Amino acid sequence: MRELLRAYFSRRTLVSLYNIFFTISHKLLTSFPLSVIMPKPNDAVAESDSESVPLLDLSKPSSPISFPIKSLQYLKSRSYFDSFHFQFNRSTVPLRRNLPDHRPRVLVCHDMKGGYVDDKWVQGCENDAGFAIWHWYLMDVFVYFSHSLVTIPPPCWTNTAHRHGVKVLGTFITEWDEGKATCNEMLATKESAQIYAERLSELGSLLLL
């Protein structure tokens, strides 16, 4: 069957189909802006800094958002899992496994204005011209980055990447004097280092990255 498909569908044919689909979808989006079908995000939250944890009670229902973990205390306490937003940030698309081969791998790191811009709105926003990636077939691993202690990829990225067989990773980063203090606390003992390693592993597992 695979050989039969290859006989009728060349790479040029697939590229042509992709271009046709892209043109049609672009015309539809420009004719029917997302603001018609999607509510505007809460103004008070939308105007807050894109990388800041929103000034709201994360345990109470609200418009689902993605946000980073900014402190070891929040990570250690597992408070993220008590958040109303946790379930909305889990991936709903299993990672499609591509056939193994021996070619070099390509990793792409997302670094867009500190992260958590339009993509923090789990159920979408009105910006139909937001940053996007179209050529997933060219990459193997996608990393979502921000300058926060623990960067959790928004589900829109994880779900899209998984559909194309691309693995998704978040980041753990410490910077400057604050980062030095964080590392001193985290690595104070073998036991403390083990605890934080387990918390990070648990995050990736429960978010289905």
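Predicted model: local features only at pLDDT ≥ 70, side-chain atom pairs only at ≥ 80, totals over all residues.

Reader: Let's begin with the overall layout. How many helices and strands are there, and in what order do they come?

Author: The protein has eight helices and five strands. Along the sequence they are arranged as α-α-α-α-α-β-β-β-α-β-β-α-α. Of its 209 residues, 32% count as buried. As for contacts between residues at least 6 apart in sequence, 75% of them link residues at least 24 apart.

Reader: What makes Tyr116 buried or exposed?

Author: Its relative accessible area is 0%. Buried means under 20%, so Tyr116 is buried. Tyr116 sits in the loop between strand 1 and strand 2.

Reader: And why is Arg78 called partly exposed?

Author: Arg78 has a relative accessibility of 33%. The partly exposed class lies between the buried limit of 20% and the exposed limit of 50%, so Arg78 counts as partly exposed. Arg78 belongs to the loop between helix 5 and strand 1.

Reader: What makes the phi values of these two worth a mention?

Author: Most residues other than glycine have a negative phi. Arg78, which is not a glycine, has a positive phi near 65°. Tyr116 is not a glycine either, and its phi is positive at about 55°. There is also a glycine to point out: Gly165, which follows helix 6, has a positive phi near 75°.

Reader: Now the cysteines. Into which class do Cys109, Cys156 and Cys183 fall?

Author: Cys109 is at 43% relative accessibility, so it counts as partly exposed. Cys183, with 24%, is partly exposed too. Cys156 has a relative accessible area of 35%, and therefore gets the label partly exposed. Cys156 is located in helix 6.

Reader: What else can you say about helix 6? Which of its residues are buried?

Author: The buried residues in helix 6 are Pro155, Trp157, Thr158, Asn159, Ala161 and His162. They pack against strand 1 (107–110), strand 2 and strand 4 (167–169).

Reader: What makes a group of residues a nonpolar core here, and which residues have the most contacts inside the largest one?

Author: Membership calls for buried residues of the nonpolar kinds, joined through side-chain atoms within 4.5 Å. The largest core built this way has 28 residues, and those with the most contacts inside it are Tyr80, Trp136, Phe142, Ile152 and Leu203. Helix 5 (72–77), strand 2 (141–144), helix 6 (155–163) and helix 8 (190–206) each contribute at least two residues to this core. As a general background, nonpolar side chains tend to be buried together in soluble globular proteins.

Reader: Which residues does Trp136 touch?

Author: Leaving aside residues up to four places away in sequence, Trp136 is in contact with Phe142, Trp157, Thr160, Ala161, His164 and Val166.

Reader: Why is one space called a cavity and another a pocket?

Author: A cavity holds points where a 1.4 Å probe fits but cannot get out, whereas a pocket is an open set. One cavity of 30 Å³ or more is counted. The largest cavity has a volume of about 40 Å³. Its lining consists of Ile69, Tyr74, Leu75, Arg78, Tyr80, Phe81, Arg199, Glu202 and Leu203. Helix 5 and helix 8 are the elements that give two or more residues to that lining, and helix 8 has the largest share, with three residues. By type, the lining of the largest cavity splits into six nonpolar, no polar and three charged residues.

Reader: And what lines the second largest pocket?

Author: The second largest pocket has 13 lining residues, and Lys70, Leu149, Ile173, Glu175 and Glu178 lie nearest its centre. The space in this second largest pocket is about 230 Å³. Helix 7 (residues 176–186) gives the most to its lining, with four residues. The lining of the second largest pocket comprises four nonpolar, six polar and three charged residues.

Methods: Residues numbered from 1 in each chain as written. Heavy atoms only, no water. Buried < 20%, exposed > 50% of the residue type's maximum accessible area, 1.4 Å probe, protein only. Contact = heavy atoms within 4.5 Å. 1 Å grid on protein atoms, 1.4 Å probe; cavity = no way out; pocket = protein on both sides within 12 Å on 5 of 7 lines; lining within 4 Å. Points joined across faces, edges and corners; volume = space filled by probe spheres on them. Nonpolar A, V, L, I, M, F, W, Y, C, P; charged D, E, K, R; others polar.
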